Amino acid sequence: MIKIENVSYTYQSKYQTMKAVKNATYSFEPGVMYAITGRSGSGKSTLLSLLAGLDLPTSGTICVDGEDIRSINRDVYRMKKASMIYQAFHLFPLLTVMENVTFPMEIQKLPGNQAKERAASLLEKVGLKEDTWRKFPHMLSGGEQQRAAVARAVAAGGRIILADEPTGNLDSENEEVIIELLKGLAHEDGFVVIVVTHNDTVAEAADAVLKMSDGELSEVRNDCKK
Ligand SMILES: Nc1ncnc2c1ncn2[C@@H]1O[C@H](COP(=O)(O)OP(=O)(O)OP(=O)(O)O)[C@@H](O)[C@H]1O
Ligand SMILES: [Mg+2]
């Protein structure tokens, strides 16, 4: 579903160039939860932003459902196909939890009542009770905010979830909840789930583990290939 071939990315500034991703080649399949591990500065977030279409590779190709990411409308790709989840949740602070989740559907012009209905079922799915739906993000715990962020990511309607340290700000109980939600999206709903993590528990929960090492991507384990 997402195939990357010889992908490299170089940050170029006036004073220095930094090759953050070096000739990465891999195929990410639907129904699988991937963890990407590696030391700080090894290029994990850079790779994720390439997969999200936020940047284009300096060289190499990224194909999503057989289409080169260079030739598709990347705004639409980000809006409809691939959603990001961040360590610091990144919910819209001035929108309620419900409005955060209906937002991606409103952009896609889904009628308001349908958007609300779908948002309600997604919020239930991630385990957020109705009394949180009218609250603003800052009134929720970190674990609740991240559940809302998962619901919003799914609301966009795509089948690709890219998460950068999604459990980095959570205690182990909430970490568990988020891992299970992401795993469920892969196993039950057929999403491609790619999680960048420093956390061994998250990596152990994943079906496949990749490692970034000084910009180089390698596979450590893949239970789906057994
Ligand atoms: N905007 C930028 N301009 C220049 N260099 C950058 C930029 N962003 C990242 N880098 C460099 O690229 C390399 C890879 O960074 P990246 O953020 O992808 O690492 P990471 O594996 O996500 O690290 P961490 O675990 O700390 O989040 C690092 O050496 C970093 O300093
Ligand atoms: Mg990072």
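Start with helix 4 (residues 112-125) and helix 5, which pack at an angle of about 135 degrees with their axes 9 Å apart. Helices here are DSSP runs of H or I, at least four residues long, and strands are E runs of at least two, numbered from the N terminus. Axes are lines fitted to C-alpha atoms, for helices over the stretch in contact, and angles run from 0 to 180 degrees between N-to-C directions. The angle makes helix 4 oblique to helix 5. On this scale, under 35 degrees is roughly parallel, over 145 roughly antiparallel, 65 to 115 roughly perpendicular, and the rest oblique.

This is a predicted model: local features need pLDDT of at least 70, side-chain atom pairs count only at pLDDT 80 or more, and totals for chains, interfaces and linings use all residues. Residues are numbered from 1 along each chain as its sequence is written, chains are lettered from A and ligands numbered from 1 in the order written, and side-chain values use heavy atoms, without hydrogens and water.

Now select Arg118, Leu122 and Leu123 of helix 4, then Ala151, Val154 and Ala155 of helix 5; these residues make the contact. Contact means heavy atoms within 4.5 Å. Five of the contact residues are nonpolar, none polar and one charged. Nonpolar covers Ala, Val, Leu, Ile, Met, Phe, Trp, Tyr, Cys and Pro; charged covers Asp, Glu, Lys and Arg; the others, Gly among them, are polar.

Select Val97, Asn100, Val101, Pro104 and Met105 in helix 3: they meet Ala148, Ala151, Arg152 and Ala155 in helix 5. That contact divides into seven nonpolar residues, one polar and one charged.

Next, the largest pocket, with about 450 Å³ of space. Centre on Arg78, Ala82, Ser83, Met84 and Arg152, the closest to its centre of the 17 lining residues. A pocket is an open set of points on a 1 Å grid over the protein atoms alone, where a 1.4 Å probe fits, with protein on both sides within 12 Å along at least five of seven lines; lining residues have an atom within 4 Å of a point. Strand 6 gives the largest share of this lining, four residues. The lining holds twelve nonpolar, two polar and three charged residues.

Finish at the second largest pocket, about 210 Å³. Select Thr96, Met98, Glu99, Thr102, Glu106, Lys116, Glu130, Trp133 and Arg134, which line it. Helix 3 supplies the largest share, four residues.

Methods. Points joined across faces, edges and corners; volume = space filled by probe spheres on them.
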